[in-house]
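Here are a few notes to go with the model, for anyone opening it for the first time. Have it up on screen as you read.

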Amino acid sequence: MIDVFGLSHKDSRPINVTTGADRNESTTESPTRRGPRHEQVVFCSDERSGLYAIIAIYSTALGPGLGGTRFYPYESEQAALVDVLNLSRAMAYKNALAGLDHGGGKAVIIGDPSTDKTEALLRAYGRFVESLGGRYYTACDVGTYSEDMDVVARESSYVTGRTPAHGGAGDSSILTAFGVFQGMRAAAEHTYGTPTLRGRRVGVEGVGKVGRRLVDHLIEDGAEVVVCDVNEEAVDLVRRRHPAADVVADAATLIASDIDVYAPCALGGALNDATVPLLRAGIVCGGANNQLAHAGVGKQLVERGILYAPDYVVNSGGVIQVADEIEGFNMERARARAAQIFDTTAKIFALAADEGVPPAAAADRLAERRMSEVGRLRGIWLRR
């Protein structure tokens, strides 16, 4: 038996975990149980292939959980568990605001994808996904790719984010970056009165697949762009594509530089007690997940007059893209839905202003309203 309670996607408080006779130790204690619990958390192990994974389903109120599989060398099981609980809850909110009929789910595989990823391990993982009977659809995330999903799909019907050769959409960063750009346009309209970044200086932290494509959109829109990345090859690729783009040494330099918009597109926690006081941008809008180190950061941004576009709203283009595969992928249809991120982001800014709350709180309220209003319809019995 697994007994866990839900974590906020903006919160990494300690949790209680009880996992049965073979895993009956407790992790860090928490004095109270607050907030809704995850519906299901599954520990998956196959010793011979080296698989050790955790699948978390936060909610199926809107439909089967949908979220990617992260393959990462976590320092501990506790760290992996906290991550998957946070990410699966965030997926529930992301899918709700994207207008999808999917709940929140996520999975993590503990290990180094560069050395531990094998066909046997991926297929073993696929068997566990299949065992959930459609309660969870998996896709790509950090450390996994469309080609990996093709392997997982040899053992499970509940896989999306596959390669075009297998009927999939391929690289989901295409619509992720497009959606972030739409959210940024909405932020620009709210701040400057016009939905364009033309003439604005945008700092992009992390120019991997999403960040690089975001730079493409920004340059096309007439923005000035400055970038940084720990991977020099990624920076060099941007330089070759866009010689006019500026480069700074690191994220700390970027955050403190004279920019209008800060776009975190690397790891989570970029906005924290140390970085927010240094931030000179008036807008934060990027593709990274879990950008706020804790819930109080959202209030700090408001106090400093910085407009924050909630990450799980603007970066939902990727999940929109992979969700579209389930009914037979059509890029025009998926792109049209991703374009609606502009309207959703604008609606969140308006609600935040009307109710006097940070945009992240307004986004939460909209997501919870949809999960409640649409989810309750499951109580109307239909014969299948």
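This is a predicted model: local features need pLDDT of at least 70, side-chain atom pairs count only at pLDDT 80 or more; totals for chains, interfaces and linings use all residues.

1. Everything below is computed from it, and residues are numbered from 1 along the chain as its sequence is written.

2. Start with helix α5, residues 173–192, and look at how it meets helix α11, residues 317–325. Two packed helices are described by the angle between their axes and the distance between the axes. Here the axes come within 6 Å and cross at roughly 140 degrees. That angle makes α5 oblique to α11, since only angles over 145 degrees count as roughly antiparallel. The crossing of this pair is right-handed.

3. Who touches whom in that pair? On the α5 side you'll find Ile174, Leu175 and Thr176, and they meet Gly317, Gly318 and Gln321 of α11. Sorted by class, the contact of α5 with α11 has two nonpolar and four polar residues, with no charged ones.

4. Now stay on α5 and turn to helix α12, residues 331–339. How do these two lie relative to each other, parallel or antiparallel? Their axes come within 9 Å and cross at roughly 30 degrees, and α5 and α12 are therefore roughly parallel to each other. The crossing of α5 and α12 is right-handed.

5. The contact between α5 and α12 uses Ile174, Leu175, Phe178 and Gln182 from α5. From α12 come Met331, Ala334, Arg335, Ala338 and Ala339. By class, the contact of α5 with α12 has seven nonpolar residues, one polar and one charged.

6. Next, the second largest pocket, which holds about 240 Å³ of space. Its lining is made up of 15 residues, and Ala96, Leu97, Ala98, Gly99 and Thr344 lie nearest its centre. Helices α1 (77–97), α13 (341–355) and α14 (359–375) each supply at least two residues of that lining. By class, the lining divides into seven nonpolar, four polar and four charged residues.

7. Last, a backbone detail to check. Most residues other than glycine have a negative phi. Asn290 is not a glycine, yet its phi is positive, at about 50 degrees. You'll find Asn290 in the loop between β10 (283–284) and α9 (296–303).

Definitions and conventions. Side-chain values use heavy atoms; hydrogens and water are left out. Axes are lines fitted to C-alpha atoms, for helices over the stretch in contact, and angles run from 0 to 180 degrees between N-to-C directions. Helices (H or I, at least four residues) and strands (E, at least two) are DSSP runs, numbered from the N terminus. Angles under 35 degrees count as roughly parallel, over 145 as roughly antiparallel, 65 to 115 as roughly perpendicular and the rest as oblique. A crossing is left-handed if the near helix is turned anticlockwise from the far one by less than a right angle, and right-handed if clockwise. Contact means heavy atoms within 4.5 Å. Ala, Val, Leu, Ile, Met, Phe, Trp, Tyr, Cys and Pro count as nonpolar, Asp, Glu, Lys and Arg as charged, and the others, Gly among them, as polar. On a 1 Å grid over the protein atoms alone, a cavity is a set of points where a 1.4 Å probe fits but cannot get out, and a pocket is an open set with protein on both sides within 12 Å along at least five of seven lines; lining residues have an atom within 4 Å of a point. Grid points are joined across faces, edges and corners, and a volume is the space filled by probe spheres set on the points.
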